[in-house]
Amino acid sequence: MAKLGLNVDHIATVRQARGGLEPDPVTAAAMGELAGAEGITIHLREDRRHIQDRDLEILRQTVKTKLNLEMAATQEMVRIALRVKPEQVTLVPEKRQELTTEGGLDVILNIKAVTDAVKRLRDNGIIVSLFIDPNQEQIKAANKTGADYIEIHTGSYAEARDWALQEKELEAVDTAIKLARKVGLGVNAGHGLNYVNIKAITALGGIEEFNIGHAIISRAMLVGLDRAVRDMVELIKYA
């Protein structure tokens, strides 16, 4: 059955709005694990807009399941990952002006830098995933880098406003899953998934882990983090 990777970036976003100490993403991660999340995901951005280096250091010591570090494929971030050694690194695109990640990593355009980063990370025992759009050529390029996984960017599916377009995007995700598995890549997925649109994605099968943050943290503001995580775990595992 698929697993839930709880992204706690938005806990840090609320904290940074006041520049104080609360709420603490470390505490949220522990609560999420107790509620059934089987991984914790954080994005250490170059501008440190939410998750801070201190968060990464403490989470590395406290996460009991798996720590998945999202980051750009830069020299600075690779050095940090090699020092901290999370179980998994997910390489993502990053632009300073974006509110959140806007699309998948262009592996084809950045093949050398990505391949170099993948090799350095894997040589040090870190599992590597590439966050990419459900595009067949990008998947083939991802396979050439030596990465272990891809994480399919589900944003286009999540943002589709009519059933015909949603069905088209769902088919693209399904095709991407099948191709990735055929060439030997593991498959994760994330971005824009919520308590409604997750159902059609889980029905496709073939996805090992869903990394979800915004929807869960939003629901937690109303019903509490424990219930919000448990509800999503139930949808992923038993829908």
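The model is predicted, with local features needing pLDDT of at least 70 and side-chain atom pairs counting only at pLDDT 80 or more, whereas totals for chains, interfaces and linings use all residues. Residues are numbered from 1 along each chain as its sequence is written, and side-chain values use heavy atoms, with hydrogens and water left out.

**Helix packing**

Helices (H or I, at least four residues) and strands (E, at least two) are DSSP runs numbered from the N terminus. Their axes are lines fitted to C-alpha atoms, for helices over the stretch in contact, and angles run from 0 to 180 degrees between N-to-C directions. The two packed pairs are set out below.

| Helix pair | Crossing angle | Axis distance |
|---|---|---|
| α2 (residues 25–34) and α11 (residues 225–238) | about 50° | 9 Å apart |
| α6 (residues 136–145) and α8 (residues 163–182) | roughly 25° | within 10 Å |

Angles under 35 degrees count as roughly parallel, over 145 as roughly antiparallel, 65 to 115 as roughly perpendicular and the rest as oblique. Helices α2 and α11 are therefore oblique to each other, and their crossing is right-handed, a term used when the near helix is turned clockwise from the far one by less than a right angle, with anticlockwise giving left-handed. On the α2 side the residues that meet α11 are Ala28, Met31, Gly32 and Leu34, and their partners in α11 are Leu225, Val229 and Arg230, where contact means heavy atoms within 4.5 Å. Sorted by class, this contact of α2 with α11 has five nonpolar residues, one polar and one charged; Ala, Val, Leu, Ile, Met, Phe, Trp, Tyr, Cys and Pro count as nonpolar, Asp, Glu, Lys and Arg as charged, and the others, Gly among them, as polar.

Helices α6 and α8 are, by their angle, therefore roughly parallel to each other, and α6 passes α8 in a right-handed crossing. Helix α6 contributes Gln136, Ile139 and Lys140 to the contact, while α8 contributes Thr175, Ala176, Leu179 and Ala180. The contact of α6 with α8 has four nonpolar, two polar and one charged residues.

**Annotated positions**

An unreviewed UniProt entry places the feature "binding site" at Asn7, Arg18, Gly192, Gly213 and His214; such positions are given in the numbering used here, feature names are shortened, and annotations may be inferred rather than shown by experiment. These positions span 208 residues in sequence, and the farthest two C-alpha atoms are 25.7 Å apart, so they do not all gather at one spot.

Of the annotated residues, Arg18 belongs to helix α1 (residues 9–18) and is exposed, with a relative accessible area of 78%. Gly192 sits in the loop between β7 (186–190) and α9 (198–204) and is partly exposed at 44%, given that buried means under 20% relative accessible area, exposed over 50% and partly exposed in between (1.4 Å probe, protein chains only). Leaving aside neighbours within four places in sequence, Gly192 is in contact with Ala158 and Asn197.

**Backbone features**

Most residues other than glycine have a negative phi, and most peptide bonds are trans. In this model a cis peptide bond joins Glu22 and Pro23, with omega about -5°, and Pro23 lies in the loop between α1 and α2. His191, in the loop between β7 and α9, has a positive phi near 105°. Arg48 likewise has a positive phi, of about 50°, and is placed in the loop between β2 (39–43) and α3 (53–62), where Arg48 counts as buried at 17% relative accessibility.
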